[in-house]
Amino acid sequence: NVTMWDLRSMERSHILKGTHSYATKDMDFNPNRPHVITTGGEDGLVKFWDVRKSSGPLKILKGHSHWVSTVKYNRFHDQLILSGGSDSLVNLWRVSSISSAPLLELENDDGTDSADAADVRVSKFENQESVYDVAWSACDAWVYCSLSYDGQVVLNYVPSKEKYKILL
């Protein structure tokens with residue numbers, strides 16, 4: 001379960017029950033839609049929730065074979081989400097269907113339109129060890145890094161093709 005507290009009154013404001021099959025490891029708020037959160041759990045899933053409606057997740061992403069230890073929204077472009085896990089993977093996702101600025105025109109590589117193309121894994125990077133944390137750059141919206149168990153810090157960039165899809 002995920003429980004949110006109102007720090008002014010020190011009372012629970014929202015409860016999301018059954019967020020993951022096992023423990024919830026991390027969560028992050030959408031910077032442009034504060035009622036939308038993402039969670040990562042020991043079931044290997046990344047889930048998106050509207051805290052105003054506790055009926056179920058808005059979206060579920062499957063891209064890890066083990067625990068998802070960290071999830072982070074891009075503060076400048078909320079379509080972009082990072083997830084890292086104990087399977088050594090860092091996934092970069094574009095989830096436009098529930099962002100504040102969904103893509104207007106979606107096109108597959110073969111030239112056909114596709115509604116499902118709004119939500120895709122853009123890239124994945126495999127570290128040597130489990131991923132402890134991921135972070136977006138505070139000054140460059142297209143740069144992110146990951147930290148793994150062995151102390152390795154890896155710096156990555158959002159591919160140019162994805163930048164253009166978001167900006168144009």
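A: Two strands count as paired if DSSP finds at least two bridges between them. This model is predicted, and its strand S11 is joined by 5 bridges to strand S12 (residues 143–148), the two running antiparallel. Within this pairing, Val-131 stands opposite Ser-148 of S12.

Q: Which strands form the open sheet, and in what order?

A: The order is S11-S12-S13, with antiparallel pairing among these 3 strands. Strand S11 (131–136) and strand S13 (153–157) lie at the edges, each pairing on one side only. From one strand to the next, the twist averages 20°.

Q: How is a pair of aromatic rings to be described?

A: The distance of the centres and the angle of the planes describe such a pair. The structure holds 3 aromatic pairs. In one of them, the ring centres of Phe-48 and Tyr-73 are 6.4 Å apart and the planes stand at 75°, so the pair is edge-to-face; planes over 60 degrees apart fall in that class. This pair links distant parts of the chain, with Phe-48 in strand S5 (residues 45–50) and Tyr-73 in strand S7 (residues 68–73), 25 residues apart.

Q: Are Phe-48 and Tyr-73 buried or exposed?

A: Both Phe-48 and Tyr-73 are buried.

Q: Where is Val-51 placed, and why does Val-51 count as buried?

A: Val-51 belongs to the loop between S5 and strand S6 (59–62). Burial is judged by relative accessible area, with under 20% as the cut-off. Val-51 has a value of 9% and is therefore buried. Leaving aside neighbours within four places in sequence, Val-51 is in contact with Met-4, His-14, Leu-16, His-35 and Ile-37.

Q: How far apart are Val-51 and Ser-148 in sequence and in space?

A: Val-51 and Ser-148 are separated by 97 residues in sequence and by 31 Å in space, C-alpha to C-alpha.

Q: Which residues make up the largest nonpolar core?

A: The largest here has 12 residues in all, including Leu-80, Leu-92, Trp-136, Tyr-144 and Ile-166. At least two residues each come from strand S8 (80–85), strand S9 (89–95) and S11, and S11 gives the largest share, 3 residues. Apart from this core lies another, of 11 residues, among them Leu-61, Val-68, Val-71 and Tyr-73.

Q: What does Val-134 touch, not counting residues up to four places away in sequence?

A: Val-134, a member of the largest core, touches Thr-70, Lys-72, Leu-82, Val-90, Cys-145 and Ser-146 on that count.

Conventions: Residues are numbered from 1 along each chain as its sequence is written. This is a predicted model: local features need pLDDT of at least 70, side-chain atom pairs count only at pLDDT 80 or more; totals for chains, interfaces and linings use all residues. Side-chain values use heavy atoms; hydrogens and water are left out. Rings of Phe, Tyr and Trp (its six-membered ring) pair if their centres lie within 6.5 Å; planes under 30 degrees apart count as stacked, over 60 as edge-to-face and the rest as tilted. Helices (H or I, at least four residues) and strands (E, at least two) are DSSP runs, numbered from the N terminus. Buried means under 20% relative accessible area, exposed over 50%, partly exposed in between (1.4 Å probe, protein chains only). Axes are lines fitted to C-alpha atoms, for helices over the stretch in contact, and angles run from 0 to 180 degrees between N-to-C directions. Contact means heavy atoms within 4.5 Å. A nonpolar core is a set of buried Ala, Val, Leu, Ile, Met, Phe, Trp, Tyr and Cys residues joined through side-chain atoms within 4.5 Å.
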